[in-house]
Amino acid sequence: MATLVDKSKVPWWVSNLIVPFVNLTLALIVSGLFIFIAGENPFEAVKLIIYGSFGYIEGFAYTLYYTTNFVFTGLAFAVAFHCRLFNIGGEGQAYIGGLGVFLVAINFSFLPVPIVWLLSIAGAIVFGAAWAFIPAYLQATRGSHVVITTIMFNFIAASLMVFLLVDVIRDTAQMGPHTVAIPEEQFFPNFKDFAALFGMKIRYSPLNISFLLAIVASFFVWFLVWKTRWGYEMRAVGHNTQAAIYAGISPYKNIIIAMCVSGGLAGLLGVNEILGVHHKIVAGFPAGYGFTGIAVALMGRNHPIGIFPAAFLFGILYQGGSEVTFDMPNITRYMFVAVQGLIILFSGALENLFRPQIESFFVNKLNREIKA
Amino acid sequence: MVSPILELKDISKSFGHVQANKNINLSINKGTIHGIIGENGAGKSTLMSIVYGLYQADSGTISINGKKINLKSPKDSITNGIGMVHQHFMLVENFTVLENIILGFEDELVFGKNLEKAKKNLKDLCDTYKLNIDLNSTISDLSVGFRQRVEILKSLYRGAEILILDEPTGVLTPQEVDELFKILRSLKDEGKTIVLITHKLIEIMDLTSEVSVMRQGEMVGNTKTKETNKEQLAEMMVGRSVLLRLHKSDAKRGEEVFRVKNLTVKDDLDVTRVKNVNLEIHAGEILGLAGVTGNGQTELLEALSGIRKVESGEIYLNDSIISDSQNFLNPRELKEKGLAHVPEDRQRMGLVTDFKAYENLIFGYHDQKPFSKSSILNHTDILSHSKKIMKEYDVRPQSPNLITSNFSGGNQQKIILSRELNENPKVLLVGQPTRGVDIGAIEFIHQRLIDMRDKGVAILLVSVELDEVLSLSDRIVVMFDGNIVGKKENKNVTDRELGLLMAGVV
């Protein structure tokens, strides 16, 4: 029989720092083995990752750009998860959210730019939320499981967007499946523009003021989940639906609220990608950020304070990984998908692999110290 | 001099750093009924699980007939003649009695000769101990009392010389308890040894010849039953003197505040569980609702508190309808109207066990001022309220930031009670207020309920503990199969009378 640990006696830093750190280290060791088998030096690879993501200013900017996307999708997953809803539809909600951004930006271009921005952000939230609303409604009234419906809705969103990009909103002046660009004055200022203000001349990077929006979103999620009545009710429904009903809290209402907030947050990814980077809708722009967001949220223990560093870590991997694939011919892009997979495996699926041992080790150590 | 058949020496067992058993010594004589008594969490069940091979002790030895044995799994203890009847029966519901008993001991691939032999053995056992079981009946058709007998028969068939019973009477009617005790006595007379784990003093006094008392993982007393009394045992269990009789004055019955008229309620499977029930509760009285678990009390309570839809009939609070088949107020609206509810199952319904204590202390009242202002939770006020109320109700430990699942059952119950009683309700619905709660807390909870009554609150007490209903209620109704089968003033009512009603005999 496994030893039971009294959870209340486990110091917070053991479960929230040491355990994720051990899991991450294991993932990296196994990844190192893969790189070694592929015929490259894993230590060199680590050096390249660090150089790529921190070594020069544009590289670091790229890291933060990826971080922004992961924060949005990670928060999206976390909010739904507090109501025990497994929203794996972030990908589709982000895609549709992007549609919202674009439609607002293109149709309200007569308004002052800051207002267009605010309206575009609202568009992203409303469209993302609307796409999450349908699975939420089906879950709340019919009990159709959101895991099934949201993943279906990713495919539906992808097909819908391809249809729109080919037949409805395509830029007819060219052949590719993307729209016309939004007016140039609506482009989000990016990092290069900011640096120029201070007289620094750097090359282009996609980092833009959406990063600040990610910080605001993190604060918003923390406040919503832990400081408001809505967050309280959402968590109550998530932890114990029976008890929620007893207390007069409607599971129906809260499932829908949680999913819509979740979808809205995922939709914000469209703000970063469209106002900040592509300035138009490009087919497939969510590029898997929605799925990686699940791992980010799990690793960050569904708390904004955890999600931010987890998103940063994945940002490093994305940016540093592309650096490695440039310099090491034996390491392909797919190799880094495998590395990400390993991190997801160790910090998500195998999260509890070593948790009991680590926790009981520290609890016993503390006990000895108390006795001594 | 009788020799001990089972002897435990220095048994210790801890889970993590929680020590469930500390250096336990116990010797049980052959052919006796030995009681082990203690509060919830005293370590009785852990100790017996060690004897049954479910857990392994960290240290210490177990001997049977003077020979040291090593118990690695229940299979080892069965071969050593130890059988156990658990609180929750381990039976396959859609199998027959015979199939359940030979399960795991089939011996042959195609049933034939051995099965016939088993049947004959079982019949003999049934006759010897007057178990009166039809081997071919399906478990799901049997009453709880009979299912328990099947468990006993199963142990005997597997050669048990020592039979451990864990809280065997919790789910039985008084008549069934009598039957069980008869069986246990006849087992003793045939030379079997019985270990009875219980927290009910009356059973110890009735049945056992020796008794051991456990408290907080330690064995605090061993004595012959006839050399002790209830008060002394209770004191040993709790570690201080306990009031076994409640101080209760006569009720000052006020106006009728709550009325249930021709109420019919269905459960989730569309089975009618409450049938045309009529009740009325006056201010300043406790109405006790007695009945064996599963006779519609749960559904009744849920309907009265606005959780479950009413099929037909009406519920009135202060002469205005709060619920009928067309529309009903939800629990939150009822709370605002002064109807508080302490649910039967605190962990499933009354609490979010993953929440911090302070979050549970405002549960259901969280949208009211001062806890919440324009939907933002006011943590300063919530925390100071929580500290105050935890002190007032003696919730231990007094840390509002602790996760609720870390509190003991009694303290969890106090969290719910303090929350529900604090809002000065007019009507209080209470389900199983002391289920799984230790003696010290029971005393406290009972006193609080009486205080509420004396303040003029109308209280409906639903409990399967007959003693509780008898000691608290001013009037008693008995529920059987969804019907109210008896209404009595609580004067000179005996548990026999109620027991017959509960069993649906009268």
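This is a predicted model: local features need pLDDT of at least 70, side-chain atom pairs count only at pLDDT 80 or more; totals for chains, interfaces and linings use all residues.
**Ground rules**

I number residues from 1 along each chain as its sequence is written, and I letter chains from A in the order in which they are written. Local features need pLDDT of at least 70, side-chain atom pairs count only at pLDDT 80 or more, totals for chains, interfaces and linings use all residues, and side-chain values use heavy atoms, with hydrogens and water left out.

**Entry: where the chains meet**

I looked up the contact between the chains (contact means heavy atoms within 4.5 Å). Chain B gives 34 residues and chain A gives 27 residues. Next I looked up the buried area, which is the accessible area (1.4 Å probe) that two parts lose on being put together, summed over both. Between chain B and chain A the figure is about 2700 Å². Carbon and sulfur atoms give 59% of that area.

I then checked polar contacts (a pair of N or O atoms within 3.5 Å; within protein, one must be able to donate a hydrogen and the other to accept it, and residues adjacent in sequence count only if both atoms are side-chain atoms). The rule finds 16 residue pairs across this interface, both residues at pLDDT 80 or more.

Which elements of chain B give two or more residues to the side that touches chain A? I found α10 (331-336), α11 (346-350), β18 (376-377) and α14 (409-422). Helices (H or I, at least four residues) and strands (E, at least two) are DSSP runs, numbered from the N terminus. The most comes from α11(B), with 4 residues. By class, this side of chain B has 15 nonpolar, 11 polar and 8 charged residues. Here Ala, Val, Leu, Ile, Met, Phe, Trp, Tyr, Cys and Pro count as nonpolar, Asp, Glu, Lys and Arg as charged, and the others, Gly among them, as polar.

**Entry: salt bridges**

A salt bridge is a side-chain nitrogen of Lys or Arg within 4 Å of a carboxyl oxygen of Asp or Glu.

One bridge pairs A:E233 with B:R332, with the closest N and O atoms 3.3 Å apart. A:E233 and B:R332 are both buried (buried means under 20% relative accessible area, exposed over 50%, partly exposed in between; 1.4 Å probe, protein chains only).

A:K47 is exposed at 56%, and A:E44 is partly exposed at 36%.

Within chain B, B:R147 and B:E93 meet at 2.9 Å, N to O. B:R147 lies in helix α5 (residues 144-157) and B:E93 in the loop between β6 (82-85) and α3 (97-102), so the pair ties together parts that are 54 residues apart in sequence. B:R147 is buried at 16%, while B:E93 is partly exposed at 43%.

**Entry: aromatic rings**

I count 28 aromatic pairs over all chains. Rings of Phe, Tyr and Trp (its six-membered ring) pair if their centres lie within 6.5 Å; planes under 30 degrees apart count as stacked, over 60 as edge-to-face and the rest as tilted. A:W117 and A:F188 have ring centres 5.0 Å apart and planes at 85 degrees, so they are edge-to-face. Both residues are buried.
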